[in-house]
Amino acid sequence: MIGRIAWVLSMICVAVVAVFAQLDRASNYQPAYAPLVPVAFSGAAAERMAQFSVAAQDGPEAVHRARTLIAVRPLPAEHLTLLSLASALNGDEATTIAALEVASMRGWREPFSQLAVARSAMAQGQYDSAAQRLAALLATGEFREAALTMIADLLTTSAGRAAFAQRIAATGHWQDNLQVQISRAADPDDYARTIELAAELGGTMPCEGLRKVAQNYRKDGLDEQLARFWPGACDKETA
């Protein structure tokens with residue numbers, strides 16, 4: 001009899017856990033379920049509640065929800081970004097900055113933290129860090145216009161050009177598809193000098209993208225700037 005009671009109770013516990021787990025998953029698609037999920041079973045629900053509080057600009061509640069979320073799911077960089085936003089609403093500058101820095105180190109695919117840290121690095125003249133964050137941001141495809149605008153600013157200084165040239169010269173895929181967009185955002189002299197520096201650092205960029213840039217530069221009469229990087233290693237290509 002006791003064994004049967006224990007079995008029934010264990011099955012009830014399993015059912016409760018299953019129900020709350022289902023509610024937690026369902027809160028991804030039906031946010032109204034989020035408040036129904038206890039903290040111990042929350043994940044997606046806790047994230048939803050933190051997002052709601054940030055959107056409502058309720059600083060104290062947003063911080064509480066963000067800290068609850070991190071207690072349940074401490075690893076995702078997005079959760080630290082929510083804590084940073086909540087802390088900013090609550091006037092806690094130290095936590096805002098600290099959470100953003102950790103988020104940017106933990107997850108390069110988390111775009112908001114990369115953008116914020118890139119802006120901070122630019123303001124402090126930390127061009128290597130800014131270039132690294134902007135390259136990561138371009139790789140995510142998020143905040144593309146903001147990233148291109150910041151890159152244009154970065155390339156106006158010799159230190160910024162050198163830093164970004166290193167990112168272009170490094171192995172990666174974002175460089176393949178974005179040369180035309182970067183060349184349009186940046187000053188032609190700044191862009192040409194940066195690509196020239198990247199080549200000097202041993203970077204080998206796909207000729208297809210550079211050919212399109214070369215065609216645009218030739219069309220715009222930018223032959224002097226074009227000569228800095230074209231044809232370069234693409235000596236069999238024609239623009």
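This briefing covers the nonpolar cores and the aromatic pairs of the structure above. The model is predicted: local features need pLDDT of at least 70, side-chain atom pairs count only at pLDDT 80 or more, and totals for chains, interfaces and linings use all residues. Residues are numbered from 1 along each chain as its sequence is written, and side-chain values use heavy atoms, with hydrogens and water left out.

**Nonpolar cores**
- A nonpolar core is a set of buried Ala, Val, Leu, Ile, Met, Phe, Trp, Tyr and Cys residues joined through side-chain atoms within 4.5 Å.
- Buried means under 20% relative accessible area, with a 1.4 Å probe and protein chains only.
- The largest core holds 38 residues; Leu138, Phe164, Ile182, Tyr191 and Phe229 touch the most other members.
- Helices H6 to H12 each give two or more residues to this core. H8 gives the most, with six residues.
- Another core, of 15 residues, lies apart; Ala46, Ala50, Leu80 and Leu82 are among them.
- Helices are DSSP runs (H or I, at least four residues), numbered from the N terminus.

**Aromatic pairs**
- The structure holds three aromatic pairs (ring centres within 6.5 Å; edge-to-face means planes over 60 degrees apart).
- Tyr191 and Phe229 pair edge-to-face, at 5.9 Å centre to centre and 85 degrees between the planes. Tyr191 sits in helix H11 and Phe229 in the segment after helix H13 (223-226), 38 residues apart.
- Tyr217 and Phe229 also pair edge-to-face, at 5.8 Å and 75 degrees. Tyr217 is in helix H12, 12 residues from Phe229.
- Tyr191, Tyr217 and Phe229 form one aromatic cluster.

**Burial in the cluster**
- Tyr191 is buried.
- Tyr217 counts as buried because its relative accessibility is 4%.
- Phe229 counts as buried because its relative accessibility is 6%.

Methods. Buried < 20%, exposed > 50% of the residue type's maximum accessible area, 1.4 Å probe, protein only. Phe/Tyr/Trp six-rings, centres within 6.5 Å; stacked < 30°, edge-to-face > 60°.
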